[in-house]
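Please look over the model shown here and read the report beside it.

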Amino acid sequence: MTGPDAPPLRPGRPAPRAGQAPPRALSTVPPAQRRPWIDDPYDAALRAGRGPLFLRSLTDAAAGRERLLPLDVERWCAPPDAADLSVLRRCRGPVLDVGCGPGRLVAALAGRGVPALGIDVSPAAVARTRRLGGAAVRRSVFERVPGEGRWSTALLLDGNAGIAGDPVTLLARIGRVTAPGGLLLAEALGRDVDERLLVRIEDARGRHGRPFPWARLGAAALHDAARAAGWAAVDRWALGGRCFLALRNTRTTVQGTVP
């Protein structure tokens with residue numbers, strides 16, 4: 001709804017796309033209708049620029065175990081560190097940051113004069129990216145993306161290889177978004193792991209959003225998933241306790257369709 005009867009938006013939030021209702025506070029959204037990364041503590045943590053924030057593994061909980069996986073909100077909201085810079089040096093524009101979060105990488109690329117766009121489902125992430133001077137749109141990678149099939153480099157950092165809990169499907173989709181021969185710079189966990197989990201976002205006070213599927217991949221598992229999705233490994237490096245892979249899109253024709 002737009003016009004004089006539209007409800008007010010919270011400061012710093014972008015206007016909703018046509019046909020969308022504006023975002024609401026977590027307390028006003030019925031639990032069954034909450035959307036992961038939007039109607040949960042993640043959005044609030046990005047607006048504040050700090051955690052603590054966790055992914056709670058409901059898969060472990062079903063087996064009688066408890067596991068909280070910390071989310072590094074403070075690092076995501078800080079300027080790029082040395083590990084980030086090692087990724088940015090490998091970027092060739094235009095660059096698409098998939099799950100850009102609060103936008104430190106998109107803004108840094110813009111500051112270097114490299115064309116870059118961030119996409120994220122979180123309104124707070126998009127708003128913060130724009131405040132930093134980066135370009136961002138509220139979008140899932142599984143929706144139609146601007147510049148389909150023409151991005152020279154894609155970024156998949158900060159655990160985003162876990163998006164949707166199906167790495168092969170995710171990487172195949174990014175293969176259609178990037179140009180033939182394009183580069184994917186992806187981050188893996190620094191240890192050997194290959195997990196599919198049901199998780200939810202939770203803060204230190206136990207407030208949480210809805211469950212959603214997620215994946216956790218070490219370098220070997222990410223390499224295997226990438227190869228199955230049509231990517232060829234061209235480089236691998238580690239810095240600051242983080243591990244990265246550079247992957248080349250082996251596709252030879254433009255295929256910009258959404259699955």
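**Basis and confidence**

This is a predicted model, in which local features need pLDDT of at least 70 and side-chain atom pairs count only at pLDDT 80 or more, whereas totals for chains, interfaces and linings use all residues. Residues are numbered from 1 along each chain as its sequence is written, and side-chain values use heavy atoms, with hydrogens and water left out. The average pLDDT (the predictor's confidence in each residue, from 0 to 100) is 87 for the protein, and 85% of the residues score at least 70. Over residues 1-26 the pLDDT stays under 50; the model has 40 contacts beyond four places in sequence for this stretch. A contact means heavy atoms within 4.5 Å. Where pLDDT is low, the predicted coordinates should not be read in detail.

**Overall make-up**

The protein has eight helices and eleven strands. Helices (H or I, at least four residues) and strands (E, at least two) are DSSP runs, numbered from the N terminus. Of the 259 residues in the protein, 51% are buried. Buried stands for under 20% relative accessible area, exposed for over 50%, and partly exposed for values in between (1.4 Å probe, protein chains only). The accessible surface comes to about 11700 Å², and carbon and sulfur atoms account for 55% of this area. Among contacts between residues at least 6 apart in sequence, 64% join residues at least 24 apart.

Two strands count as paired if DSSP finds at least two bridges between them. E1 pairs with E8 (residues 194-203) in the antiparallel sense over five bridges. Phenylalanine 54 stands opposite glutamate 202 in E8.

**Helix H5**

Helix H5 (residues 104-111) is largely enclosed by the rest of the structure, because six of its eight residues are buried. The buried residues are Arg104, Leu105, Val106, Ala107, Ala108 and Leu109. Just after H5, glycine 113 takes a positive phi of about 80°.

**Salt bridges**

A salt bridge is a side-chain nitrogen of Lys or Arg within 4 Å of a carboxyl oxygen of Asp or Glu. By this rule the count is 21. The table lists some of these pairs.

| Pair | N to O distance |
|---|---|
| Arginine 56 and glutamate 66 | 3.8 Å |
| Aspartate 72 and arginine 75 | 3.1 Å |
| Arginine 207 and aspartate 203 | 2.6 Å |

Arginine 56 and glutamate 66 meet in a salt bridge. Arginine 56 lies in strand E1 (residues 53-57), and glutamate 66 lies in the loop between helix H2 (58-62) and strand E2 (68-70), ten residues apart. Arginine 56 is buried at 16% relative accessible area, whereas glutamate 66 is exposed at 62%.

In another pair, arginine 207 is partly exposed, with a relative accessible area of 42%, while aspartate 203 is buried at 10%. Aspartate 72 is partly exposed at 35% relative accessibility.

Salt bridges also join into a network, which links Asp72, Arg75, Asp81, Asp84, Arg104, Asp158, Glu187 and Arg242. One of these residues, Arg104, is among the buried residues of H5.

Definitions and conventions:
Accessible areas come from the Shrake-Rupley method with a 1.4 Å probe; for residues, only the protein chains shown count as cover.
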